[in-house]
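Here is a friendly briefing to read alongside the sequence and the model.

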Amino acid sequence: MDTTIIERWKLCTFVSFTGCIILILCLNKSHSSTKLLALQDPAISITSLNQFPTQTIEFSAASKLIVYPPESVNSSEDGCNIFDGRWVYNPKARPPYEGHQCPFLSDQVSCRRNGRSDSDYEKWSWRANGCEIPSFNATDMMERLRGKRVVIVGDSLNRNQWESLACLLYSSLHPSRAYIETQSSVYKVFRAKDYNFSVEFYWSPFLVQLDVDKKNGTRVLRLDKLSGSARRWQGADIMVFNTGHWWAHQGKLRAWDLFQYEGKLVGEMKIESALDIGMKKWASWVRRKVDMNKTRVFFRSISPSHTGKECYNESKPLSEEPFAVVSSFPRSLTEIIEGTIKEMENPVTYLNITGLSQNRRDAHPSIYARKQRQGQPLSKEFHPDCSHWCLPGLPDTWNSLLYASLVFNTSGQVSDS
């Protein structure tokens with residue numbers, strides 16, 4: 001009798017234990033299947049691409065990129081906004097490379113080579129709130145790019161980003177295993193021979209075509225025709241676009257005399273209308289020419305300038321907290337860019353670096369965009385470069401966030417829901 005009771009008790013214990021294990025496994029599976037991070041009043045919703053089906057991102061009302069991270073990423077929340085964070089200073093930090101390791105870097109971004117003596121601007125790192133962003137790993141990045149093409153298209157700020165990415169990768173290789181071509185101002189390329197991939201830059205500050213009449217020098221911005229280099233963008237596996245700054249230029253800095261739209265020359269047009277037409281032309285090209293089953297498309301937000309002499313002799317960020325400083329770039333133009341991305345049928349990942357970059361007035365070349373001679377006074381015509389960024393420096397963070405997007409396998413399409 002006692003033996004029978006003991007045997008039944010053992011059986012009940014075993015069944016209960018097995019049931020608990022099954023319940024735990026079901027709960028874990030349910031948690032892992034969560035695709036969407038709930039946000040208050042989301043402005044733009046993005047769902048996953050077919051080739052990256054496990055992740056979802058959203059834009060909040062503040063247009064911050066929300067990333068749902070894989071389980072391997074340490075996070076105190078169910079999701080991570082990699083552009084929502086703070087700058088952290090580490091006096092012992094070292095940059096990911098030294099400028100002399102990349103002899104192809106332009107003078108414009110080679111601040112230390114040009115005589116800048118302080119290095120604190122290299123010791124700030126970006127930390128996301130609530131999760132850990134993976135550090136840029138050049139070897140892993142090159143494995144992800146093996147046999148692929150990356151094209152970076154836009155103005156000199158995207159060239160700044162190209163130089164950063166090329167140097168991050170080049171500095172991890174023996175020089176004999178890399179090919180670099182930088183002589184042209186409109187096309188640059190880095191190739192890793194052993195990995196058979198390329199990172200290319202195409203100069204196209206408007207994304208649409210700017211023509212110059214050889215006879216009279218009239219400059220025509222053709223709003224209904226994409227840049228002539230577009231045929232060379234096709235087939236790339238990763239595309240990173242930007243535009244904006246050249247549309248906002250006025251007076252002598254304005255690069256066009258006339259607009260062309262629907263076959264007609266137009267002398268005056270609201271710049272918001274012109275940009276809207278140009279962005280829609282670009283979006284149409286992406287829809288028609290890009291195979292989204294093969295290609296990841298990114299659009300980088302506005303890189304903020306610090307006008308006048310705001311960056312001269314600055315060695316510290318304006319604030320460690322992002323979004324504490326308002327960008328000087330016209331909000332009306334930003335809204336057109338973001339609105340176009342929102343309306344696109346094809347998913348485009350928005351790299352929203354504006355807020356985190358706005359604080360970094362210390363990271364511009366300033367007077368070190370050209371080599372300084374010791375004891376030489378500044379001329380009355382002196383204009384510090386408060387638009388571009390020193391390398392190593394801030395664009396390395398942009399590329400770290402690009403890398404994080406690939407590690408997290410995040411992508412999506414924009415909708416109104």
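Helix 5 and helix 6 cross in a right-handed sense. Their axes, taken over residues 271-289 for helix 5 and 331-343 for helix 6, come within 10 Å and cross at roughly 25°. Angles under 35 degrees count as roughly parallel, so helix 5 is roughly parallel to helix 6. Please keep in mind that this is a predicted model.

**Helix 5 with helix 6**
- On the helix 5 side, the residues that meet helix 6 are Ile271, Glu272, Leu275, Asp276, Met279, Lys280 and Ala283.
- Their partners in helix 6 are Ser332, Leu333, Ile336, Ile337, Thr340 and Glu343.
- By class, this contact of helix 5 with helix 6 holds seven nonpolar, two polar and four charged residues.

**Helix 2 with helix 8**
- The axes of helix 2 (residues 138-145) and helix 8 (residues 394-407) come within 11 Å, crossing at roughly 55°.
- That angle makes helix 2 oblique to helix 8.
- The crossing of helix 2 and helix 8 is left-handed.
- Asp140, Met141 and Arg144 represent helix 2 in the contact, and they meet Tyr403, Leu406 and Val407 of helix 8.
- Four nonpolar and two charged residues make up the contact of helix 2 with helix 8, with no polar residue taking part.

**The nonpolar cores**
- The largest nonpolar core has 54 residues, and Leu169, Phe190, Phe197 and Val199 are those with the most contacts inside it.
- At least two residues of this core come from each of several elements, including helix 2, helix 3 (156-170), helix 8, strand 6 (149-154), strand 8 (187-192) and strand 9 (197-203).
- Helix 3 gives the largest share of this core, with eight residues.
- If you set aside its neighbours within four places in sequence, Val199 is in contact with Val150, Ile152, Trp162, Leu165, Leu169, Lys188, Val189 and Phe190.
- Another core lies apart from this one; it has 41 residues, among them Tyr187, Ala255, Val286 and Phe299.

**Loop residues worth a look**
- His174 sits in the loop between helix 3 and strand 7 (178-181).
- The relative accessible area of His174 is 54%, so this residue is exposed.
- His174 and Ala192 are 18 residues apart along the chain, and 9.9 Å separates their C-alpha atoms.
- The peptide bond from Leu391 to Pro392 is cis, with omega near -5°.
- Pro392 belongs to the loop between helix 7 (354-358) and helix 8.

**Positive phi outside glycine**
- Glu262 is not a glycine, yet it has a positive phi of about 55°.
- The loop between strand 13 (258-261) and strand 14 (264-266) is where Glu262 lies.
- Glu262 counts as exposed, because its relative accessibility is 59%.
- Ser366 is not a glycine either, and its phi is positive at about 55°.
- You will find Ser366 in the loop between helix 7 and helix 8.
- Ser366 is buried, with a relative accessible area of 6%.

**The chain as a whole**
- The chain has eight helices and 17 strands.
- Of its 417 residues, 48% count as buried.
- Taking contacts between residues at least 6 apart in sequence, 76% join residues at least 24 apart.

Terms used. Residues are numbered from 1 along each chain as its sequence is written. This is a predicted model: local features need pLDDT of at least 70, side-chain atom pairs count only at pLDDT 80 or more; totals for chains, interfaces and linings use all residues. Side-chain values use heavy atoms; hydrogens and water are left out. Axes are lines fitted to C-alpha atoms, for helices over the stretch in contact, and angles run from 0 to 180 degrees between N-to-C directions. Helices (H or I, at least four residues) and strands (E, at least two) are DSSP runs, numbered from the N terminus. Angles under 35 degrees count as roughly parallel, over 145 as roughly antiparallel, 65 to 115 as roughly perpendicular and the rest as oblique. A crossing is left-handed if the near helix is turned anticlockwise from the far one by less than a right angle, and right-handed if clockwise. Contact means heavy atoms within 4.5 Å. Ala, Val, Leu, Ile, Met, Phe, Trp, Tyr, Cys and Pro count as nonpolar, Asp, Glu, Lys and Arg as charged, and the others, Gly among them, as polar. A nonpolar core is a set of buried Ala, Val, Leu, Ile, Met, Phe, Trp, Tyr and Cys residues joined through side-chain atoms within 4.5 Å. Buried means under 20% relative accessible area, exposed over 50%, partly exposed in between (1.4 Å probe, protein chains only).
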